[in-house]
Amino acid sequence: MSNPDIKLLDIVLSKLSETNDENLQQFTFSFLTPVLAKLNSNVDSTRNKVVQVLTQINKRVKNCLNVQLPLSNLVQLFCSPTSNLFVQNFTIIYCELAAKRAEHQVVLNELPFLLVNISNRSIPHQIIILNLIHLACSSVEIENLSNKFASFLENEKDVQLVVDFFIRFN
């Protein structure tokens, strides 16, 4: 039986090999998030092929520090209720990489989504998200963010987790 996901992922690998460094950012914006979403598959061969594609993307992106990654799309995938833990584990790593390459204001715009129910996330995910807060807030003047963070502020456990982090951090 033929696996259509494998065929699609092979096409993505082929497109990646044909993509020059100048077009790598456009490639990542088009394909990175859909490839990560394929980790929701219950088929081992599909997940293995996704890891193969991601390995190739990593090799290319690692050497091109000016290549931005689709932070907003990655955050949406990470926060999606349909994303399994496998998807979340890979996607949060790309969120971190994307945030380090993005302008601080872009990261600040995505933080409210990551902070919702942070206290229910795994400890490694919490640490990455909290480090993203530190990264984004360290060199940006924060103005009028209360509206953006309103849903986060409604959950006392989430607020306490963030406050505790910064108390221990300083």
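This is a predicted model: local features need pLDDT of at least 70, side-chain atom pairs count only at pLDDT 80 or more; totals for chains, interfaces and linings use all residues.
Visitor: How many helices and strands does the chain have?
Guide: Helices (H or I, at least four residues) and strands (E, at least two) are DSSP runs, numbered from the N terminus. From that end, the elements run α-α-α-α-α-α-α-α-α. The count is 9 helices and 0 strands.

Visitor: What share of the chain is buried?
Guide: Buried means under 20% relative accessible area, exposed means over 50%, and partly exposed lies in between (1.4 Å probe, protein chains only). The chain has 170 residues, and the buried share is 42%.

Visitor: What share of the contacts with a separation of 6 or more joins residues 24 or more positions apart?
Guide: Contact means heavy atoms within 4.5 Å. Take the contacts in the chain with a separation of 6 or more; the share from residues 24 or more positions apart is 77%.

Visitor: Are α2 and α3 roughly parallel or roughly antiparallel?
Guide: Axes are lines fitted to C-alpha atoms, for helices over the stretch in contact, and angles run from 0 to 180 degrees between N-to-C directions. Angles under 35 degrees count as roughly parallel, over 145 as roughly antiparallel, 65 to 115 as roughly perpendicular and the rest as oblique. Helix α2 (residues 24-37) and helix α3 (residues 44-62) pack at about 155°, with axes 11 Å apart. The pair is therefore roughly antiparallel.

Visitor: Which classes of residue make the contact of α2 with α3?
Guide: L24, F27, T28, L32, V35 and L36 of α2 meet V50, V53, L54, I57, R60 and V61 of α3. Ala, Val, Leu, Ile, Met, Phe, Trp, Tyr, Cys and Pro count as nonpolar, Asp, Glu, Lys and Arg as charged, and the others, Gly among them, as polar. The division is 10 nonpolar, 1 polar and 1 charged.

Visitor: How does α2 lie relative to α4?
Guide: F29, L32, T33, L36 and A37 in α2 meet N73, L74 and L77 in α4. The angle is about 10°, and the axes are 10 Å apart. That makes the two helices roughly parallel.

Visitor: Is T46 buried or exposed?
Guide: T46 is found in helix α3. Leaving aside neighbours within four places in sequence, T46 is in contact with N3, D5, I6, L9, K38 and S41. At 0% relative accessibility, T46 counts as buried.

Visitor: What is the phi of N117?
Guide: N117 lies in the loop between α6 and α7. At 37% relative accessibility, N117 is partly exposed. N117 is not a glycine, yet its phi is positive, at about 60°.

Visitor: How far apart in space are H104 and C137?
Guide: H104 sits in helix α6 (residues 104-115). H104 is partly exposed, at 28% relative accessible area. H104 and C137 are 33 residues apart in sequence, and their C-alpha to C-alpha distance is 7.6 Å.

How values were computed
Residues are numbered from 1 along each chain as its sequence is written. Side-chain values use heavy atoms; hydrogens and water are left out.
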